[in-house]
2 protein chains.
Amino acid sequence: MKTIGIDFGGTSVKLGVLRADAMGVPEVVDVAPAIPTAEYDGPEPMLVRIRESVELLRDRHAGVCAIGVGVPGFVDWERGLVYGLTNVPGWRLFPLRDRLAKMTRLPVCLDNDANAMAYAEWRFGAGAGCRSMVGVTLGTGVGGGLILDGSIFRGFNSLAGEIGQMSIDFRGKDGPYGNFGALERYVGHHRVTARAQARYAEAGRPRSQSDCTPDRVAAAAATGDPVAIKLWQDVARELATALAAIVWLLNPEKVVVGGGMSRAGDVLFEPLRRSLESQLDGPFLEGFELAAARFGPEAGVVGTALLAADAVGAGAA
Amino acid sequence: MKTIGIDFGGTSVKLGVLRADAMGVPEVVDVAPAIPTAEYDGPEPMLVRIRESVELLRDRHAGVCAIGVGVPGFVDWERGLVYGLTNVPGWRLFPLRDRLAKMTRLPVCLDNDANAMAYAEWRFGAGAGCRSMVGVTLGTGVGGGLILDGSIFRGFNSLAGEIGQMSIDFRGKDGPYGNFGALERYVGHHRVTARAQARYAEAGRPRSQSDCTPDRVAAAAATGDPVAIKLWQDVARELATALAAIVWLLNPEKVVVGGGMSRAGDVLFEPLRRSLESQLDGPFLEGFELAAARFGPEAGVVGTALLAADAVGAGAA
């Protein structure tokens with residue numbers, strides 16, 4: 001079966017064709033050129049552009065039978081609406097699912113991008129075989145997707161999984177929604193950069209913003225730079241506090257961490273694992289694993305295309 | 001159908017007979033004298049005593065067909081084991097379900113007491129009709145039970161719902177399990193008493209410990225005492241921070257708050273509702289309700305007896 005996955009990001013919209021081989025293992029067999037999100041002013045011009053890419057991919061791959069779309073924002077899953085997109089203006093209560101379905105004459109699944117990532121990891125990645133798994137995306141913001149007892153748990157208004165808004169400090173910074181101490185106010189990409197800049201300045205070793213991206217700070221930590229190591233330890237502790245809260249609440253089998261910032265690798269995962277385990281009681285750790293995501297930047301395309309494929313397979317799309 | 005519910009508490013063990021009327025609405029039709037937990041040294045003498053109470057109730061009510069037991073601690077639900085009980089020594093990895101079933105020759109359901117409370121509220125209380133509901137018990141500790149998509153969500157090792165251990169402050173007090181800032185270190189019964197004593201002393205109005213129980217402090221707040229009002233506001237904000245985190249993560253339809261401390265009523269619930277709603281984005285509040293539990297001290301007996309009745313009804317016990 002072939003399906004198209006569309007990963008709608010704040011920076012670009014990526015499209016790819018996923019094909020399952022004879023064993024059912026999926027492979028991205030083609031991608032369309034990324035569409036720069038900012039160049040399209042609102043849903044209508046963007047939809048026209050997405051349709052062109054879909055048609056391009058369908059010209060090259062006969063037999064595409066469904067489309068999955070993941071968006072960075074709240075989704076009304078039942079009605080196929082986008083409530084609004086983070087960092088992308090103009091998408092208020094937009095019926096993306098039905099509009100795209102009508103344009104392409106294909107069934108369309110619309111979901112939150114973190115749900116798509118979690119689904120990809122659960123079906124064929126680091127969470128394969130779990131009954132319950134929490135997927136975490138560390139990027140500009142912090143997102144999450146919950147697989148509970150073998151399916152995506154969406155909650156009452158299909159908004160579940162907003163890990164980045166969970167508080168780690170009831171006296172903490174105000175978040176975007178009136179919430180105090182929201183996790184992503186501490187460990188989001190831009191916060192890590194700003195914190196790194198401030199700490200290097202304090203240490204008498206000022207660095208430019210572009211030298212303080214999470215990738216750069218991770219590279220510095222890997223070579224033993226104490227400022228960088230300490231920053232990742234602090235980020236790890238803050239993130240671990242939220243993940244521990246999730247584990248106390250949901251007792252999952254796995255927590256799978258992906259997203260751009262997870263590329264930091266051991267300098268993040270080692271203190272993260274240590275801090276998380278130190279905050280949990282023994283029985284919660286039996287059989288538990290904190291794992292790095294298998295899928296990288298392609299997680300969104302893979303996850304959305306898999307959601308579409310499985311919905312068609314189950315007769316739901 | 002008649003079932004017996006056993007609510008195993010740190011202070012006493014309560015037993016009652018639950019009968020469903022023609023409409024299926026349950027009623028506690030009889031209770032046995034409470035058993036003081038501390039008078040029994042470990043599982044074996046306690047089991048003998050529980051059996052006596054069960055037999056007493058069965059003598060008075062023919063046709064009891066199952067038993068439910070709720071305990072204040074971690075339970076291995078699949079194997080029917082008690083991992084250990086909070087404040088009750090000697091119960092390490094005890095096979096309570098099978099031992100009690102053998103003694104009474106009745107099917108036994110064993111669960112965490114907060115799960116039983118949540119189940120009672122979901123089946124016939126403040127959460128009736130919800131697909132997803134979070135039950136919170138405010139007492140000596142803070143417990144929780146999750147009803148997700150129409151059934152109790154137990155997690156990988158049947159430990160889910162430990163709301164009291166979730167952190168509200170990553171720099172906060174050390175909890176019993178190495179966790180920082182555990183909610184119950186702020187809002188548990190004893191902490192509220194200690195905080196009230198300290199604040200009355202600071203305000204130049206020292207009060208004895210027995211005048212600082214949550215019930216007394218709630219009564220004082222209801223008559224306009226500013227020290228008491230401020231304390232409940234602070235407790236509400238701390239509790240709301242954890243509940244907001246849960247709502248961001250799970251997007252439930254209802255959060256139902258019970259347990260002894262919830263008797264504080266409006267002096268707790270009004271600031272709690274206000275703080276919770278101020279920490280959530282609009283879509284999460286659509287159709288959402290924070291509700292006081294319907295069942296009081298009988299919640300444990302009702303919930304465990306209902307779990308047993310429903311298991312028998314479904315052919316699972």
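Chain A folds into ten helices and 13 strands, counted as DSSP runs (H or I of at least four residues for helices, E of at least two for strands) numbered from the N terminus. Its radius of gyration is 20 Å, close to the 20 Å of the globule rule for 317 residues, so chain A is as compact as a globular protein of that length; the radius is taken over C-alpha atoms, and the rule is 2.2 Å times the number of residues to the power 0.38. Please note that this is a predicted model, where local features need pLDDT of at least 70, side-chain atom pairs count only at pLDDT 80 or more, and totals for chains, interfaces and linings use all residues. Residues are numbered from 1 along each chain as its sequence is written, chains are lettered from A and ligands numbered from 1 in written order, and side-chain values use heavy atoms, without hydrogens or water.

**Overall build of chain A**
- The C-alpha trace spans about 60 × 45 × 35 Å along its principal axes.
- Of the 317 residues, 59% are buried (under 20% relative accessible area; exposed is over 50%, partly exposed in between; 1.4 Å probe, protein chains only).

**Nonpolar core**
- The largest nonpolar core has 112 residues, and L243(A), L250(A), L243(B) and L250(B) touch the most other members; such a core joins buried Ala, Val, Leu, Ile, Met, Phe, Trp, Tyr and Cys through side-chain atoms within 4.5 Å.
- Beyond neighbours within four places in sequence, L243(A) has contacts that include V136(A), L272(A) and L290(A) (heavy atoms within 4.5 Å).

**Around T213(A)**
- T213(A) sits in the loop between α5 (189-202) and α6 (214-222) of chain A.
- T213(A) is partly exposed, at 26% relative accessible area.
- M261(A) is 48 residues from T213(A) in sequence, with 9.4 Å between their C-alpha atoms.
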